[in-house]
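Here is a friendly briefing to read with the model open beside you. Take a look at the fold, then follow the points below.

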Amino acid sequence: MTPGPDLQQLINTIKDDAGSDDELVQLGTAASTISELTSTGDAALGFFVDRARGAGKSWVEISGVLGVSKQAAHKRFADSWSTTPQFDRYTQRARNVVQAGAAVARERNHNFVGTEHLLLGFFAEPDSIATKVLTGRGITEQTVREAVDVLSPASDTTDTSTPDEPPYTRRATHVLHGAVAEALTLGHNYVGTEHLLLAFYRDAETVAAKVLLGQGLDEQTAWQDTRVLLDQYTK
């Protein structure tokens, strides 16, 4: 296993980043650095927990590997399936996609917002990185809509009980939380459409993941295409 930085290396890095001999400046830099490391570490661990769950591993098996109780593992990692997503880190385009997803749900007379609605929401932002990844692989709004129609058809009748803001499904909630983790994985302090796209693959059973895989866009390809576009933006 590749060793991480030892304590002295970490201290030296913090001092260099602080750029000052003032103790309070260094303390503030240390607090920020440790917080970022903790968030990144939690995101990485959550990534592999998602993989284990997606492979059918039980919470008992996962907790055994982590060395904690089943209840502790479930509480720490299952919250992303139920707690209300926060969008403070989301870019405006990513928020627009989420809002468009809710509009798609209402258009299809669904009283919920699922991953399929979020996927269709990408096409409301044609210049976003995620949408460019899709269209670059020949995946269009029409092909996605046709695939979604098979897996999650629109309702023929309007449900008068459908709220103006339909709730997210558990899987959509998990994806919205997972987008934050994907951003941390890439070292970004914002959540863009590209992170939302990559988060679909954290659960292969989502309608969105099934549609993407069915149209030939696997996780590795999505990652590669995303990195290419990100590199173009940073040049």
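**Helix α5 and its surroundings**

The buried residues of α5 pack against α6 (115–121), α9 (170–185) and α10 (193–199), where buried means under 20% relative accessible area, exposed over 50% and partly exposed in between, using a 1.4 Å probe and protein chains only. This is a predicted model, in which local features need pLDDT of at least 70 and side-chain atom pairs count only at pLDDT 80 or more, while totals for chains, interfaces and linings use all residues. Residues are numbered from 1 along each chain as its sequence is written, and side-chain values use heavy atoms, with hydrogens and water left out.

**More on α5**

- The buried residues of this helix are A94, V97, V98, A100, G101, A102, V104 and A105.
- Helix α5 (residues 92–107) has 16 residues and should span 22 Å at 1.5 Å a residue, which agrees with its end C-alpha atoms being 22 Å apart; the expected span is 1.5 Å times one less than the number of residues.
- After α5 comes N109, with a positive phi near 60°.

**The whole chain**

- The chain has twelve helices and zero strands; helices (H or I, at least four residues) and strands (E, at least two) are DSSP runs, numbered from the N terminus.
- Of the 235 residues in the chain, 41% are buried.
- Among contacts with a separation of 6 or more, 67% join residues 24 or more positions apart, a contact meaning heavy atoms within 4.5 Å.

**Where α8 meets α11**

- Helix α8 (residues 141–151) packs with helix α11 (residues 207–214) at an angle of about 125°, and their axes are 10 Å apart. Axes are lines fitted to C-alpha atoms, for helices over the stretch in contact, and angles run from 0 to 180 degrees between N-to-C directions.
- The two helices, α8 and α11, are therefore oblique to each other: angles under 35 degrees count as roughly parallel, over 145 as roughly antiparallel, 65 to 115 as roughly perpendicular and the rest as oblique.
- On the α8 side, V144, A147, V148 and L151 make the contact, and on the α11 side V207, K210 and V211 do.

**A loop residue, A154**

- A154 sits in the loop between α8 and α9 and is partly exposed, with a relative accessible area of 37%.
- Although A154 and R108 are 46 residues apart in sequence, they are 4.6 Å apart in space, C-alpha to C-alpha.
- Leaving out residues up to four places away in sequence, A154 touches R108 and H110.
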